[in-house]
Amino acid sequence: MSIATVQGRPNLLNERALADWLAENGMPGQRSMTGIVQLRRARARNRPAVAAVEPLADRFTRRLVDQARAEILRRGGEVVILGKKDRVNGSLYLADRDRAQRIILVRADGWRYYSTRAPQRYVELAYLYGTDDAAPWAVRVPGTLRTVAEALAWLTPNDVVKALDKGLRVRRQGDVYAIETTPRRDGTGAPFLPEGHKWRTGTRYLVHNPADGRKHRPLRLPYPVRFVVQSAYEMGRSGARGNGD
């Protein structure tokens with residue numbers, strides 16, 4: 001076996017040996033050793049860099065954040081904080097995750113530019129995102145919150161907290177809570193349920209069919225209940241409160 005071959009084939013790693021083998025065998029594309037070296041260097045310069053393999057956990061996190069971003073945008077929420085000349089100074093990232101409840105908290109923070117007459121202001125955005133029996137959902141919560149538990153506590157009405165402390169039964173469908181009560185107060189709050197919710201007294205089903213086409217499973221409540229509506233921040237830049245779902 002010569003230096004020009006390895007097991008009968010040209011030694012591709014040795015430029016001089018490869019050049020000699022091409023010449024000896026009258027192969028097309030004959031080049032000198034210098035020519036082969038220059039060609040390989042040129043190819044190396046033009047070869048695209050190989051991207052590092054993204055860890056599975058990072059890919060899963062990115063997919064979760066992408067899903068949350070799509071749902072927030074669908075509901076009219078902000079997903080980036082823009083600085084001067086529309087430079088992105090903050091975008092959504094995963095802040096916390098509750099695996100048991102399949103809920104995540106996503107945040108964005110940065111300096112927002114308003115106008116030449118108004119200074120930049122540091123802004124924090126936060127949203128809860130999850131899925132229920134109908135489809136994905138997202139609600140806006142205060143930007144100061146850092147965990148799913150904090151955000152859920154902020155969203156939960158005081159009447160619900162008090163009822164749970166008393167050991168009363170509480171069921172939730174979307175942004176409406178059904179709290180166990182006395183027969184005299186049965187159905188209280190039903191006339192003020194958000195659009196898409198309906199309390200069917202005869203069958204005792206709470207029905208929730210949002211305008212966007214999602215359909216929640218009807219919730220049957222065979223015992224007396226009163227209704228309380230969840231309150232969250234409206235999507236967008238408003239600081240007003242609105243329905244959570």
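Biologist: In what order do the 3 strands of the open sheet stand, and is the pairing parallel or antiparallel?

Modeller: Strands of a sheet pair through backbone hydrogen bonds, in a parallel or an antiparallel sense. In this predicted model, the order is β11-β12-β13 and the pairing is antiparallel. The edges are held by β11 (197-200) and β13 (219-220); each has a single partner strand, so one side of each is left without a neighbour in the sheet. Between β12 (residues 205-208) and β13 there are 2 bridges, and Tyr 205 stands opposite Arg 220 in β13.

Biologist: Which strands does β10 pair with?

Modeller: With β9, in the antiparallel sense, over 4 bridges, and with β14, also antiparallel, over 5 bridges.

Biologist: How many of the residues of β10 are buried?

Modeller: The count is 4 of 5, so strand β10 (residues 176-180) is mostly covered.

Biologist: Why does Gln 230 count as buried?

Modeller: The cut-off for buried is under 20% relative accessible area. Gln 230 counts as buried because its relative accessibility is 8%. Gln 230 sits in the loop between β14 (225-229) and β15 (231-233), and its side chain makes a polar contact of 3.1 Å with the side chain of Tyr 177.

Biologist: Now a helix. Which residues of α4 are buried, and which are exposed on the face turned away?

Modeller: An α-helix has 3.6 residues a turn, so residues three or four places apart point the same way. In α4, the buried residues are Val 148, Ala 151 and Leu 155. They cover an arc of only 65° around the axis, which means that they lie on the same side of α4. The face turned away from that buried side carries Ala 149 and Ala 153, both exposed.

Biologist: What is the volume of the largest pocket, and which residues are closest to its centre?

Modeller: The volume is about 680 Å³. Of the 26 lining residues, Asp 132, Trp 137, Arg 172, Gln 173 and Gly 174 are the closest to the centre. Two or more lining residues come from each of β8 (136-141), α4 (148-155), α5 (158-165) and β9 (170-173). The most come from β9, with 4 residues.

Biologist: How many of the lining residues are nonpolar, polar and charged?

Modeller: By class, 11 are nonpolar, 8 are polar and 7 are charged.

Methods: Residues numbered from 1 in each chain as written. Predicted model: local features only at pLDDT ≥ 70, side-chain atom pairs only at ≥ 80, totals over all residues. Heavy atoms only, no water. 1 Å grid on protein atoms, 1.4 Å probe; cavity = no way out; pocket = protein on both sides within 12 Å on 5 of 7 lines; lining within 4 Å. Points joined across faces, edges and corners; volume = space filled by probe spheres on them. Nonpolar A, V, L, I, M, F, W, Y, C, P; charged D, E, K, R; others polar. Buried < 20%, exposed > 50% of the residue type's maximum accessible area, 1.4 Å probe, protein only. Polar contact = N/O pair within 3.5 Å; in protein donor to acceptor, adjacent residues only side chain to side chain. Pairing = 2+ DSSP bridges. Arc of directions from axis to C-beta.
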